[in-house]
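Colleague: I'm new to this one. Can you walk me through it?

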Amino acid sequence: NKKGGYGKNPIYLSYKKKMKKVISLMLILMASTLWGSEKINLNEALNIAYENNYEYQNVKIDQENIDLQVLEGYKSAAPKLDYSGGYIATGKDNELGLMDGSESDQKFDHVFGISQPIYNGGTVITGIEIAKISQELMKYQLTKSKSQLKLEVIEAYLKILAQVEAIKVYEMSLEEVKSAYNQAKRKYELNLISKSDYLPLKTKVISIETDLVEAQNQGEIYIIQFKNIIGFPVDQDIELKSLKYEKYDLDLIDIDADINYALSNNKESRISQLNTDIVEKQEKLSRANLLPQINAKLSYSAEDRHLNDSSDKWYWTAGVEINWMLFDFGKSWDAYARSKNETKKSENTKRETLDDLRVTIRTNYIELVKLNGKIEAGEAELDATQENYDLQKRKYNEGIISITDYLIYETQLNDIKLSLIKNKLDYYYAYEKYLEDLK
C-alpha cells in the first residue's frame with residue numbers, strides 16, 4: 001500500500017483580515033506568527049514529539065528500569081558477602097561501670113559471611129526468565145506508546161490544517177457576501193429595492209464574521225494543544241506545512257491477510273501473549289514457596305571480650321542451611337491455587353484481545369472504504385454545487401432570484417466545502433490508523 005506524501009507549499013497559520021468591530025488579543029498573537037516562526041512538516045513534528053513528549057519519555061525510562069531488573073535477576077544467583085558486628089557491655093546488679101575492668105563484661109563481635117543459593121525451587125531461574133520476558137514486553141509497550149503518540153500528533157496536525165482551510169472558506173464566503181451586500185445597499189440607497197430586501201445580506205455578513213472569528217480563535221487553541229503534545233515551546237511561533245492529499249488504492253488491501261498478520265505480529269497481540277507468559281512464570285514462583293530453600297554458608301568470625309584485648313581470636317564456620325515451611329494450615333497451597341486461577345484469567349484476556357483486534361482491523365477498513373466513498377461523492381457534489389452557485393449568483397445579479405434564494409445556495413456551497421475538507425483529512429488519519437493497528 002502506498003502512503004501519502006507531503007506537499008511542497010506550506011500552509012501559513014495566518015489571517016488575511018481583521019474584523020472591523022472585533023479585534024481580540026488572540027488574533028493579534030496569531031497574526032504575529034508570520035514573522036520569525038519555524039516551519040515544520042509532519043515528519044519533523046513527529047521527531048520533535050519523540051524527543052520531548054513527557055509520557056513517551058517516561059515509557060523509555062521504564063524500559064531502562066526493566067533492563068536493570070534483568071541484571072538484578074542474574075545477580076540474585078551470585079554469592080552474597082555480608083558483615084555484621086556489635087558491641088555489648090554488662091555489669092553486676094544495677095551498677096553502671098562500663099569501663100571498670102573486672103566489674104563489667106564487654107564484648108565486640110565481627111562476622112564476615114558468604115552465602116550461596118543451592119536450591120530454592122527454581123525461584124532464581126524463574127525470576128530471571130520473568131525479567132527477560134518483561135524486557136521483551138517493554139519493547140512492545142514502547143512501540144505501542146510511540147504508535148499512540150504518532151496518531152495523536154497526526155490528529156492534532158490535521159485539526160490545524162482543517163481549521164486553516166475552514167478559515168479560507170469563511171474568508172472567501174465573507175468576501176462574496178460583502179460584495180453582494182454592498183451592491184444591495186447601493187440599490188437600496190437608489191430606492192431600487194426595499195430595506196427588507198437587503199437586510200438578510202447584512203445579517204449574513206455578521207454571521208460569517210462571527211464564524212470567522214470563532215474559527216480563528218479555535219485555530220489558536222489547536223496550535224497551543226499541538227505544541228503541548230510535541231513538547232514545542234508555547235511562546236515560540238510555528239507554521240505547519242500542508243499535506244499532499246492522495247487517494248489510496250483500497251483494492252490492494254487484503255483485509256483477511258492483514259487480520260491474520262496482526263493476530264500474530266500486532267503489538268497488542270504480542271503484549272497479551274507476553275503478559276500470559278509472565279503470569280505462567282509467576283505461577284511457578286508461587287509453587288516454589290511449597291519447596292525447601294537450601295543455601296550454602298561460610299563465615300569468618302572474631303570476638304573481643306575486653307577493650308584492652310587484641311581481636312585475634314578469629315575462626316571460621318561452614319555449612320548448609322535448609323528452610324522449609326512444613327505446615328501453615330494450607331496458606332501456601334491456597335496462594336498457589338490462586339496463581340493458577342490468574343493464569344486462566346490471563347488466557348481469557350489474551351483471547352479477548354485477539355477477538356477485539358479482529359474487530360478493530362475490520363472496522364478501520366470499513367471506515368476507510370466509507371470515507372473514500374464520501375470523498376468521491378463530495379467532490380462530485382462540490383463541482384455540481386459550484387456550477388449551480390455561479391449560475392444562481394448571475395441570476396441574483398440580474399434580479400431574477402431573491403436575496404434569500406441566493407443565500408441558500410451560498411450556504412450550501414460552504415457546507416459542502418467544509419464537509420469535503422473534513423472527510424479528506426479524516427481519510428488521511430484513518431489510513432494511518434489502519435497501518436498502525438497492523439503493527
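**Starting at Phe 112**

Modeller: At 40% relative accessibility, Phe 112 counts as partly exposed. Buried is under 20% relative accessible area, exposed is over 50%, and partly exposed is in between (1.4 Å probe, protein chains only).

Colleague: Before we go on, what sort of model is it, and how is it numbered?

Modeller: This is a predicted model: local features need pLDDT of at least 70, side-chain atom pairs count only at pLDDT 80 or more, and totals for chains, interfaces and linings use all residues. Residues are numbered from 1 along each chain as its sequence is written, and side-chain values use heavy atoms, leaving out hydrogens and water.

Colleague: Okay, where is Phe 112?

Modeller: In strand 4. Helices (H or I, at least four residues) and strands (E, at least two) are DSSP runs, numbered from the N terminus.

Colleague: How many helices and strands does the chain have?

Modeller: Nine helices and seven strands.

Colleague: Which strand is largely enclosed by the rest of the structure?

Modeller: Strand 5, residues 238–243, because five of its six residues are buried. Strand 2 (residues 38–40) runs parallel to strand 5, and three bridges join them. Two strands pair if DSSP finds at least two bridges between them.

Colleague: What stands opposite Leu 240 in strand 5?

Modeller: Ile 40 does.

Colleague: Switching to helix 6, which residues are buried there?

Modeller: Ile 255, Asp 258, Ile 259, Ala 262 and Leu 263. They cover an arc of only 135 degrees around the axis, so they sit on the same side of helix 6. That arc is taken from the directions from the helix axis to the C-beta atoms.

Colleague: What covers them?

Modeller: The cover includes helix 7 (267–288), helix 8 (331–397) and helix 9 (403–438). Contact means heavy atoms within 4.5 Å.

Colleague: And salt bridges, how many?

Modeller: The count is 20. The rule is a side-chain nitrogen of Lys or Arg within 4 Å of a carboxyl oxygen of Asp or Glu. In one of them, Glu 432 pairs with Lys 150, with the closest N and O atoms 3.8 Å apart. Glu 432 lies in helix 9 and Lys 150 in helix 4 (residues 123–189), so the pair ties together parts that are 282 residues apart in sequence.

Colleague: Are Glu 432 and Lys 150 buried or exposed?

Modeller: Both are buried. Lys 150 and Glu 432 also belong to a network of salt bridges with Glu 436 and Lys 439.
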